[in-house]
Amino acid sequence: MLDMLNLMISLIIGILLGLLLREKQHFDLSKVTFAAVVVLIFSMGFTIGSNNDLLASMQSIGVNAIIILLLSIFFSVAFVKLARRVVKLE
Amino acid sequence: MIKYILTALILGAVAGYLNNNFGNLIANNWVSGYLFDFSLIVLLFLMGLAFGLNREAVAKLRKAGLKILVVPFSIALGSILGGLIGGLILRINVFASMAISAGYGWYTLAGPLVGQLFGVEFGALGFIVNFLRELLTIATISLTVKIDKYAPIAFGGATSMDTTLPVIVRYSGSESLIMAFSSGFTLSLIAPFTITAIAMLA
């Protein structure tokens, strides 16, 4: 529970700070964001690589991924088509 | 971008494997725990900051009319429903599969965030699902645009504000630019919230 709250709080603090600072000057966050992403993905890879059980089950994870992905995309497209008809969106 | 991400993932996996199986040079938790948590918190803060600072996105949204928000919300609902049904079919934790689908293609966020909330196995699944969503959007766009003008935007999910935007505009036409951007922006903004909200329900 604390974990979820921590994550939510850091996101919200970021948004509020951004709203506060938006009139001040232009920030370029792309480099520091990129660095954070690379470190994060590296440590996720490390967590996966250091878990032998997980490595052994990679094949079934791949199959599961395809099923979840195809269902998600199917319903996304179906709902967009439906919503466009309902609200008459060009 | 994609090649750096995959390089980091592979290097991380190799380092983790070697460290775990050949003499634990450092405690696994040092990377999987501290470094991971720290960079995830920093990334979420930076994403929030980028959203808060983005003046143009809100202006564009307002100009296009709030009616276009039905598109990202339909995509969000459809994705989460797909995750629910997928979870039921596969007999896995349905909250985890819904949270994974609520990444809307944003794999650098969804993988680690779901991993943090539901465990590393679902983190790996979340990374793969969302990574493939971006690839599939680009690979199939010449066909999907025939289903519906906005089908590529539905495929792209959160990625339609940046990585898949150029391809979408090329196939769906320049008038879809605002829609693609607004939809991707809205989905990117709600992704971390929906993922954590689903985890709170679990």
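Buried means under 20% relative accessible area, exposed over 50%, and partly exposed in between. On that scale Lys149(B), with a relative accessible area of 26%, is partly exposed. The legends below describe close-up views of a predicted model.

**View 1. The interface of chain B and chain A.** On the chain B side 90 residues are in contact with 67 residues of chain A. About 7,000 Å² of area is buried between chain B and chain A, and carbon and sulfur atoms give 81% of that area. Leu53(B), Val120(B) and Met200(B) supply 8% of the area that chain B buries against chain A, more than any other three residues. The size of an interface is often given as the accessible area lost when the parts come together.

**View 2. Polar contacts and residue classes at the interface.** Across the interface of chain B and chain A, 19 residue pairs are in polar contact, with both residues at pLDDT 80 or more. Helix α2 (residues 28-53) of chain B gives the most to the side of chain B that touches chain A, namely 20 residues. Sorted by class, that side of chain B has 60 nonpolar, 24 polar and 6 charged residues. The count of salt bridges between chain B and chain A is 1.

**View 3. The salt bridge between Arg84(A) and Asp148(B).** The side chains of Arg84(A) and Asp148(B) meet in a salt bridge at 2.6 Å, N to O. The pair crosses between chains, from Asp148(B) in the loop between α8 (141-147) and α9 (151-156) of chain B to Arg84(A) in helix α4 of chain A. That helix of chain A spans residues 58-87. Asp148(B) has 10% relative accessibility and Arg84(A) has 15%, so both count as buried, the limit being under 20%. Leaving out residues up to four places away in sequence, Arg84(A) touches Leu89(A), Glu90(A), Asp148(B), Lys149(B) and Tyr150(B). Side chains of opposite charge can pair when their charged atoms come close.

**View 4. The salt bridge between Lys149(B) and Glu175(B).** A search of the whole structure finds 2 salt bridges over all chains. In one of them the side chains of Lys149(B) and Glu175(B) meet at 4.0 Å, N to O. Lys149(B) is partly exposed at 26%, whereas Glu175(B), at 53% relative accessibility, counts as exposed.

**View 5. The surroundings of Ser79(B).** Ser79(B) belongs to helix α4 (residues 70-90) of chain B. Its relative accessible area is 0%, so Ser79(B) is buried. The side chains of Ser79(B) and Arg133(B) are joined by a polar contact of 3.1 Å. Apart from neighbours within four places in sequence, Ser79(B) is in contact with Ser72(A), Ser76(A), Ser101(B), Tyr104(B) and Arg133(B).

**View 6. The largest nonpolar core.** This core has 81 residues, of which Tyr104(B) and Ile195(B) touch the most other members. Helix α11 (residues 177-201) of chain B contributes the largest share of the core, 10 residues. Tyr104(B) is also one of the residues in contact with Ser79(B). In soluble globular proteins, nonpolar side chains tend to be buried together.

How values were computed
Residues numbered from 1 in each chain as written. Chains lettered and ligands numbered in written order. Predicted model: local features only at pLDDT ≥ 70, side-chain atom pairs only at ≥ 80, totals over all residues. Heavy atoms only, no water. Contact = heavy atoms within 4.5 Å. Buried area = accessible area lost by both parts, 1.4 Å probe. Polar contact = N/O pair within 3.5 Å; in protein donor to acceptor, adjacent residues only side chain to side chain. Helix = DSSP H or I, 4+ residues; strand = E, 2+ residues; numbered from the N terminus. Nonpolar A, V, L, I, M, F, W, Y, C, P; charged D, E, K, R; others polar. Core = buried A, V, L, I, M, F, W, Y, C linked by side-chain atoms within 4.5 Å. Buried < 20%, exposed > 50% of the residue type's maximum accessible area, 1.4 Å probe, protein only.
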